[in-house]
Amino acid sequence: MSAVNLLDFDLDALATWCAGLGEKRFRAQQLFRWIHQKGERDFDRMSDLARALREKLAGHAEVRALVPASERRSADGTVKWLFDVGGGNAIETVYIPEDDRGTLCISSQAGCAVGCRFCSTGHQGFSRNLTTGEIIGQLWHAEHALRLQLGLAAGERAITNVVMMGMGEPLQNYVALLPALRMMLDDHGYGLSRRRVTVSTSGMVPMIERLREDCPVALAVSLHAADDALRDTLVPLNRKYPLAELMQSCHDYLARAPRDFITFEYCMLDGVNDSDAHAREVIELVAGRSRAAAPGVRIPCKINLIPFNPFPQSGLRRSPDERVQAFARVLQRGGLVTTIRRTRGDDIDAACGQLAGEVRDRTRVHVRLQRRRETETGAAGHGQGVRA
Ligand code: SAH
Ligand code: SF4
């Protein structure tokens with residue numbers, strides 16, 4: 001039987017597990033602090049735990065950290081780790097230092113099933129959900145590695161902000177995400193405020209509602225288009241949860257959100273979604289004045305424009321800088337707070353949408369096998385060209 005990975009447990013789960021060993025909650029808190037605040041994996045060095053408990057822990061559990069396959073550092077200080085998560089899959093995590101903060105961009109899945117046209121992860125397809133331990137393991141590794149590298153004093157934190165904007169759609173891995181979020185917020189863990197933890201979603205409406213009830217952190221929604229026909233082609237999930245439903249769930253989220261606005265991300269694609277008319281559609285949409293989608297639903301928001309980061313096979317181009325500026329001006333004149341995201345770490349392919357890791361796409365393997373079977377049984381209508 002393999003040992004339990006303590007990185008899979010938020011504090012409540014750890015307390016329950018420790019109770020099974022006959023230990024009080026207070027002991028679970030101590031253990032949790034050793035693991036997450038001090039980065040300790042060796043039970044023997046947890047000096048304020050009784051020897052008997054340390055022995056029990058060693059017999060039943062481990063702190064199974066992620067295995068870094070590589071660590072690359074950009075000229076601008078951005079760091080990108082590639083973690084091997086087994087089975088031919090690797091995920092990426094990016095640290096972005098700024099004057100007043102250190103942000104960690106965390107992955108939630110190996111690949112992504114949403115399949116957005118402009119996203120390199122989406123092009124790879126989906127392999128599997130990460131476990132809670134693998135999600136929090138990215139923060140665990142980055143925080144403790146950076147403290148050493150940056151020579152931080154005891155008690156100083158390297159990472160002040162987390163954004164769930166790496167590979168994957170976090171709200172399609174809700175069961176593993178939720179305990180990981182709780183660990184980020186826990187005072188015995190990373191002690192981040194709810195305003196400093198952001199979940200970014202392409203629009204999983206039912207899970208936005210769950211998040212609002214369970215753990216309302218800051219919310220970013222990847223919009224990219226303000227009408228359904230165009231958004232359907234960019235973010236396939238829109239066909240299931242169209243803008244009217246998405247806007248309503250954003251509106252409802254604000255009732256419990258730690259910030260009084262939603263961040264809308266908008267990837268600027270040359271000639272696709274970047275005209276002045278598209279910008280005016282965004283203004284109408286969030287003001288609740290669009291007749292096509294969500295009339296009457298007004299959403300206080302900020303718009304974050306992301307110049308498209310190209311990758312091979314996308315067939316798309318980044319909007320020219322002047323176009324991005326002009327688009328931003330239309331939004332600003334329409335009363336919307338708008339920022340343009342500065343590209344960080346693109347010399348190490350760490351910019352938004354460039355995270356590719358390595359993904360063994362189970363869904364496509366499945367399709368390939370299916371096709372092969374169909375050709376073998378003569379069921380494929382367009383048999384020519386399909387090679388087994
Ligand atoms: N799945 C979630 C979070 C991960 S993607 C989501 O879609 O929101 C994080 C952000 O990067 C999203 O806003 C996404 O739209 C954006 N993005 C994806 N590919 C990109 C690319 N090639 N260039 C710029 N931004 C991209
Ligand atoms: Fe998935 Fe987000 Fe990429 Fe879309 S943009 S494919 S939801 S990771």
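1. Accessible areas come from the Shrake-Rupley method with a 1.4 Å probe; for residues, only the protein chains shown count as cover. On that basis the protein chain has an accessible surface of about 17,700 Å², and carbon and sulfur atoms hold 49% of this.

2. This is a predicted model, in which local features need pLDDT of at least 70 and side-chain atom pairs count only at pLDDT 80 or more, while totals for chains, interfaces and linings use all residues. Residues are numbered from 1 along each chain as its sequence is written, and side-chain values use heavy atoms, with hydrogens and water left out.

3. The protein chain contains twelve helices and 14 strands (DSSP runs numbered from the N terminus: helices are H or I, at least four residues; strands are E, at least two). Its radius of gyration, taken over C-alpha atoms, is 22 Å, close to the 21 Å from the globule rule for 388 residues, so the chain is as compact as a globular protein of that length. The rule is 2.2 Å times the number of residues to the power 0.38.

4. Of the 388 residues, 53% are buried, meaning under 20% relative accessible area with a 1.4 Å probe, protein chains only. Of the contacts (heavy atoms within 4.5 Å) between residues at least 6 apart in sequence, 65% join residues at least 24 apart.

5. Helix α5 covers residues 132-150; at 1.5 Å a residue its 19 residues should span 27 Å, and this agrees with the 27 Å between its end C-alpha atoms. The expected span is 1.5 Å times one less than the number of residues. In α5, 16 of the 19 residues are buried. G151 follows α5 and has a positive phi, near 60 degrees.

Terms used: Chains lettered and ligands numbered in written order. Buried < 20%, exposed > 50% of the residue type's maximum accessible area, 1.4 Å probe, protein only.
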